[in-house]
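Here is a short briefing on one protein model. Look over the sequence and the fold before reading on.

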Amino acid sequence: MNQLHILMHSLGLQEDGTGTAYRNHFVTGEGSTDWPTCCALVESGLMRRRAGNELSGGDDVFWVTDSGREYVAANKPVPPKLTRSQKRYSDFLAADSDMRFGEWLRSRAGA
């Protein structure tokens, strides 16, 4: 994983940069492929680290600093542009209307 991906994953963002940050932690231990990257993020001030304990299974716990959040905001990928059909289907999912898609489309056509 690259640094930006680890930061976004720590915050709960999706790989394409979309979503809302709903967490702030990344657990990894010495010997994993992500641990050196997390340590480098600590050195650059984008993350902080707490030594592992029983709760984390012995692995270190890393979290994103305010500087790290700013870095993510400035560098996350641009969300993909949705087609008109994709946008309409996304609106259907967000409506959570208990209707089938066709029913939902017909209900909107009459509005």
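In what order do the three strands form the open sheet, and is the pairing parallel or antiparallel? The order is β1-β3-β2, and the pairing is antiparallel. This is a predicted model.

- The three strands make an open sheet, with β1 (26-28) and β2 (47-50) at its edges.
- Each of these edge strands pairs on one side only.
- From one strand to the next, the twist averages 25 degrees.
- Strand β3 (residues 60-64) is joined to β2 by four bridges, and the two run antiparallel.
- Within this pairing, R50 stands opposite V61 of β3.

**A helix on the sheet**

- Helix α2 (residues 35-43) packs on the sheet.
- Its contacts reach β1, β2 and β3.
- The direction of α2 makes about 115 degrees with that of β2.

**The α1/α3 pair**

- Two packed helices are described by the angle between their axes and the distance between the axes.
- For helix α1 (residues 3-11) and helix α3 (residues 66-75), the angle is about 110 degrees and the axes lie 10 Å apart.
- Angles of 65 to 115 degrees count as roughly perpendicular, so α1 is roughly perpendicular to α3.
- The crossing of α1 past α3 is left-handed.
- On the α1 side, the contact residues are L4, L7, M8 and L11.
- They meet G68, R69, Y71, V72 and N75 in α3.

- Helix α4 (residues 84-95) has twelve residues.
- From first C-alpha to last, α4 reaches 16 Å, close to the 16 Å expected at 1.5 Å a residue.
- D96 belongs to the loop between α4 and α5 (101-109).
- Is D96 buried or exposed? The relative accessible area of D96 is 62%; exposed means over 50%, so D96 is exposed.
- D98 lies in the loop between α4 and α5 as well.
- D98 counts as exposed, at 78% relative accessibility.

Technical notes: Residues numbered from 1 in each chain as written. Predicted model: local features only at pLDDT ≥ 70, side-chain atom pairs only at ≥ 80, totals over all residues. Heavy atoms only, no water. Expected span 1.5 Å × (residues − 1). Buried < 20%, exposed > 50% of the residue type's maximum accessible area, 1.4 Å probe, protein only. Pairing = 2+ DSSP bridges. Axes fitted to C-alpha atoms, helices over the stretch in contact; angles between N-to-C directions. Contact = heavy atoms within 4.5 Å. Parallel < 35°, antiparallel > 145°, perpendicular 65-115°, else oblique. Left-handed = near helix turned anticlockwise from the far one by under 90°.
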